[in-house]
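Student: Could we go through this structure together? I would like to begin with the aromatic rings.

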Amino acid sequence: MEFLKITKKRLQDMRETGWESLLDDVSSFCHMHDIIIPKMDESYFPGNSKRKSSGICYSHHLRVDIFYAVIGVQLQELNDRFGVVSSELLLGMASLNPINSFANFDKGRIMALAKCYPNEFDEVQIRDLSYQLDTFIIHMRAGHPKFSNLQGISDLAKALVETNLVETYLYVYLLVKLTLILPVATATVERAFSSMKQIKNEERNNMGDQYLNDCLVCYIELDVFTNISNDVIIDRFQNMKARRGQL
């Protein structure tokens, strides 16, 4: 997240003051390699037309505007992908990482992560989580051999189960599980949207929700369904309800 902030800052600086230096670098590179630099302030004629009238003139100001627009799009993409909520999720996940005796532990960020799950943590549970975190970090750093060489959040979840501390740190363990699920859930949603473009295309744009859902499951989990024979599917479909004929 720190490098992300630096990247945004550099893009913003480039957008504000980087045009002339970029143009100088490009011109120097072109001169070095004998590349012809197009004269952007002259008229441009599409295709191979030899006409000398009705040309399109690309001025210096237009080039600057295009440069600003490109940098602006990159900044907007970063802001869309790493908004306030996304940043809080990532920072909260990092704060639960047990590497180096929980060196990244930050109670404030962990609490912000929990507040992103209002269905799991109400006001009372948020308060209890706060109390549990105070005890939890002292316990984790006390030198218990089970928690001394953990290499990730998944190791932390296993250690809490193996030491029977799941009930003691109930809400911390719940947050750990949500943290482990989050990347998988996010990837699953992205896969679903990507697959939807393949399934519900212009030729099949009137599909009902249930049929679309069924097709998506088969498409996304293709590796699973390739191992299931057609006979098994037919028998399953046949036995779902009484039918007039045998499939």
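**Aromatic rings and the core**

Tutor: Ring pairs link Phe 102, Phe 136 and Tyr 169 into a cluster. Rings of Phe, Tyr and Trp (its six-membered ring) pair if their centres lie within 6.5 Å; planes under 30 degrees apart count as stacked, over 60 as edge-to-face and the rest as tilted. This is a predicted model, in which local features need pLDDT of at least 70 and side-chain atom pairs count only at pLDDT 80 or more, while totals for chains, interfaces and linings use all residues. Residues are numbered from 1 along each chain as its sequence is written, and side-chain values use heavy atoms, with hydrogens and water left out.

Student: How many aromatic pairs does the structure hold?

Tutor: There are 3 aromatic pairs. Phe 102 and Phe 136 form an edge-to-face pair, at 5.7 Å centre to centre with 85 degrees between the planes. That pair links distant parts of the chain, with Phe 102 in helix H5 (residues 99-102) and Phe 136 in helix H7, 34 residues apart.

Student: Are Phe 102 and Phe 136 buried or exposed?

Tutor: Phe 102 and Phe 136 are buried. Buried means under 20% relative accessible area, exposed over 50%, and partly exposed in between, with a 1.4 Å probe and protein chains only.

Student: What does the chain look like overall, in helices and strands?

Tutor: The chain has 12 helices and 2 strands. Helices (H or I, at least four residues) and strands (E, at least two) are DSSP runs, numbered from the N terminus. Along the sequence, the pattern is α-α-β-β-α-α-α-α-α-α-α-α-α-α. Of the 247 residues in the chain, 26% are buried.

Student: Which residues have the most contacts inside the largest nonpolar core?

Tutor: That core has 35 residues, and those with the most contacts inside it are Phe 121, Leu 129, Phe 136, Phe 147, Leu 156, Leu 160 and Leu 175. Helices H4 (84-95), H6 (107-115), H7 (123-140), H8 (153-162) and H9 (170-199) each supply at least two residues of this core. The largest share, 8 residues, comes from H9. A nonpolar core is a set of buried Ala, Val, Leu, Ile, Met, Phe, Trp, Tyr and Cys residues joined through side-chain atoms within 4.5 Å.

Student: And what does Phe 147 touch?

Tutor: Not counting residues up to four places away in sequence, Phe 147 touches Met 140, Leu 156, Ala 159, Leu 160, Thr 163 and Leu 165. Contact means heavy atoms within 4.5 Å.

Student: Turning to H7, which residues in H7 are buried?

Tutor: In H7, the buried residues are Ile 126, Leu 129, Ser 130, Gln 132, Leu 133, Phe 136, Ile 137 and Met 140. At the start of H7, a side-chain oxygen of Asp 122 reaches to within 3.2 Å of the backbone nitrogen of Val 124.

Student: Where is Thr 179, and why does Thr 179 count as buried?

Tutor: Thr 179 is in helix H9. Thr 179 counts as buried because its relative accessibility is 4%. Leaving aside neighbours within four places in sequence, Thr 179 is in contact with Met 93, Leu 96, Leu 113 and Ile 153. A polar atom of the Thr 179 side chain lies 2.8 Å from the backbone oxygen of Leu 175.

Student: Finally, where is Ile 234 found?

Tutor: Ile 234 is found in helix H12 (residues 230-239). Ile 234 is partly exposed, with a relative accessible area of 34%.

Conventions
A polar contact is a pair of N or O atoms within 3.5 Å; within protein, one must be able to donate a hydrogen and the other to accept it, and residues adjacent in sequence count only if both atoms are side-chain atoms.
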